[in-house]
Amino acid sequence: MATQVCPCGYHGDSKQECLCSVFKVQKYLSRVSGPLLDRIDIHVEVPRLKFTEMNNETPAESSAAVKERVNQARAIQQQRFQKEKNIYCNAHMQPKHLRKYCQLTVESQELLKNAINKLNLSARAYDRILKVARTISDLENQPQIQSNHIAEALQYRSLDKNLFA
Ligand SMILES: [Zn+2]
């Protein structure tokens, strides 16, 4: 799914100023309901690219290398859930699995707790963040979810954040 975040479409744009009032932006965004956002794993903002970024000749990571990493993460997940019924990847986890497979260090727990309070996130958003953090750690082949994985997963909840308030 894709959406603008304000009626004029320039909110957060580096070149063109958004002239929408805070009230207008909030009203516009409130049409996307919280429960709907809660069901989407990852929200990201996609800002306009600068010409130098489009013209960037630094080679990107190859698709083959990315595929290899994804396959490894999928293999880790298959291994993790081999004794569970009808679960093959992190996205399928239910709350009881989150408690079992997404245990956090004290540091990560503290980070997540603060973010939840500060950003006023729902219980559903909390579950999504844990699952995404689990996947990020799998992609790095790390058995334990680290606080930087939680921090990264939090960044993928941009529409939950009160940044438009
Ligand atoms: Zn605007």
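**How the helices pack**

Reply: We can begin with helix α8, whose buried residues pack against α6 and α7 (123-139). Please keep in mind that this is a predicted model.

Me: Which residues of helix α8 are the buried ones?

Reply: In helix α8, which covers residues 147-155, the buried residues are S147, H149, I150, A153 and L154.

Me: What makes these buried residues line one face of the helix?

Reply: When α8 is viewed down its axis, its buried residues fall within an arc of 155°, and therefore they line one face of the helix. As a general point, an α-helix has 3.6 residues a turn, so residues three or four places apart point the same way.

Me: How do you know whether α7 is parallel, perpendicular or oblique to α8?

Reply: The helices α7 and α8 pack at an angle of about 125°, and their axes are 8 Å apart. Roughly perpendicular covers 65 to 115 degrees and roughly antiparallel begins over 145, with the rest counted as oblique, so α7 is oblique to α8. The crossing of these two helices, α7 and α8, is right-handed.

Me: Which residues make the contact between α7 and α8?

Reply: From α7 the contact takes in I129, L130, V132, A133, I136 and S137, while α8 brings H149, I150, E152, A153 and L154.

Me: What is the angle at which α4 and α7 pack?

Reply: Helix α4, residues 63-80, packs with α7 at an angle of about 115°, with the two axes 8 Å apart, and the crossing of α4 and α7 is right-handed. On the α4 side the contact is made by R69, V70, A73, I76, Q77 and R80, and on the α7 side by R134, T135, D138 and L139.

Me: Which residues have the most contacts inside the largest nonpolar core?

Reply: That core has 21 residues, and those with the most contacts inside it are L112, L130, I150 and L154. Two or more residues are given to this core by each of α5 (95-101), α6, α7 and α8, and the largest share, 6 residues, comes from α7.

Me: Why is I116 called buried?

Reply: The residue I116 belongs to helix α6, residues 106-119. Its relative accessible area is 15%, and since buried means under 20%, I116 is therefore called buried.

Me: Which residues are in contact with I116, leaving aside its neighbours within four places in sequence?

Reply: They are L121 and Y126. The C-alpha atoms of I116 and Y126 are separated by 7.3 Å, and these two residues lie 10 residues apart along the chain.

Methods
Residues are numbered from 1 along each chain as its sequence is written. This is a predicted model: local features need pLDDT of at least 70, side-chain atom pairs count only at pLDDT 80 or more; totals for chains, interfaces and linings use all residues. Side-chain values use heavy atoms; hydrogens and water are left out. Helices (H or I, at least four residues) and strands (E, at least two) are DSSP runs, numbered from the N terminus. Buried means under 20% relative accessible area, exposed over 50%, partly exposed in between (1.4 Å probe, protein chains only). Contact means heavy atoms within 4.5 Å. The arc is that of the directions from the helix axis to the C-beta atoms. A nonpolar core is a set of buried Ala, Val, Leu, Ile, Met, Phe, Trp, Tyr and Cys residues joined through side-chain atoms within 4.5 Å. Axes are lines fitted to C-alpha atoms, for helices over the stretch in contact, and angles run from 0 to 180 degrees between N-to-C directions. Angles under 35 degrees count as roughly parallel, over 145 as roughly antiparallel, 65 to 115 as roughly perpendicular and the rest as oblique. A crossing is left-handed if the near helix is turned anticlockwise from the far one by less than a right angle, and right-handed if clockwise.
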